[in-house]
Amino acid sequence: EFNPQDFNSLLCDSPYEQQCQLEEAIFSLLENWAFNPHFEIEEHRGYLQNCIFSLNMFDSSENFNQMRNIAKLKMDVIHKDMFQIRDSMAETSEGGKKVIDNNEVPSITSDGP
C-alpha cells in the first residue's frame with residue numbers, strides 16, 4: 001500500500017537523480033491514470049487527495065504547475081471530444097437541425113407521467 005509519509009521521506013532523503021525519478025513516477029501516475037479521460041475520478045477522489053495531491057513534492061510551485069498543466073491538457077482533450085459530439089448531434093438530430101437552420105430552439109413538452 002502506498003504511504004505518502006514514506007514517499008515524502010524517501011524523496012527528501014534521496015539523491016537528486018532519484019528525486020527526479022520519484023517525481024516523474026508520480027507525474028506518470030497522474031497523466032496515465034488520474035487524468036485519463038476514461039478514469040472514474042470520483043471513485044478515487046479520496047485516495048488522490050489523501051495520498052497523491054498531499055505529497056510534499058507539490059509544495060514546489062514548479063511541480064504544482066506541472067500537475068496543473070497536465071490536468072489542463074487532459075481537460076482540453078475532453079472538451080474537444082465533447083464539442084465534437086455536440087456538433088455532430090446538432091448537425092444530425094431533428095432538434096439540432098432546427099437550431100442550425102432556423103435559429104429556433106425546439107421546446108420539449110410532456111403530457112405528464
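Figure 1. Leaving aside neighbours within four places in sequence, S14 is in contact with Q19 and L22. S14 sits in the loop between helix 1 and helix 2. Its relative accessibility is 9%, below the 20% cut-off, so S14 counts as buried. Two polar partners of the S14 side chain are shown. One is the backbone oxygen of L10, which the side chain of S14 reaches at 2.4 Å. The other is the side chain of Q18, with which the S14 side chain makes a polar contact at 3.5 Å.

**Figure 2. The largest nonpolar core**. This core has 17 residues. The members that touch the most other members are F7, I26, F27, L30, I52, M57 and F58. Helix 1 (4–13), helix 2 (16–34), helix 3 (41–52) and helix 4 (61–92) each supply at least two residues of the core. Helix 2 gives the largest share, with 5 residues.

**Figure 3. Contacts of F58**. F58 is one of the core residues that touch the most other members. Not counting residues up to four places away in sequence, F58 touches I26, F27, L30, I52, F53, N63, F64 and M67. Among these partners, I26, F27, L30 and I52 are also listed with F58 as core members touching the most others.

**Figure 4. Helices of the chain**. The secondary structure comes to 5 helices and 0 strands, and along the sequence the pattern reads α-α-α-α-α. Of the contacts between residues at least 6 apart in sequence, 49% join residues at least 24 apart. The chain has 113 residues, of which 20% count as buried. Its accessible surface comes to about 8600 Å², and carbon and sulfur atoms account for 52% of that area.

**Figure 5. Confidence in helix 1 and helix 5**. The mean pLDDT of the chain is 83, and 86% of the residues reach 70 or more. Confidence is highest in helix 1, at a mean of 96. It is lowest in helix 5 (residues 94–102), where the mean is 70. Where pLDDT is low, predicted coordinates should not be read in detail.

Conventions: Residues numbered from 1 in each chain as written. Predicted model: local features only at pLDDT ≥ 70, side-chain atom pairs only at ≥ 80, totals over all residues. Heavy atoms only, no water. Core = buried A, V, L, I, M, F, W, Y, C linked by side-chain atoms within 4.5 Å. Buried < 20%, exposed > 50% of the residue type's maximum accessible area, 1.4 Å probe, protein only. Helix = DSSP H or I, 4+ residues; strand = E, 2+ residues; numbered from the N terminus. Contact = heavy atoms within 4.5 Å. Areas by Shrake-Rupley, 256 points an atom, 1.4 Å probe, with all protein chains shown as cover. Polar contact = N/O pair within 3.5 Å; in protein donor to acceptor, adjacent residues only side chain to side chain. pLDDT = per-residue confidence, 0-100.
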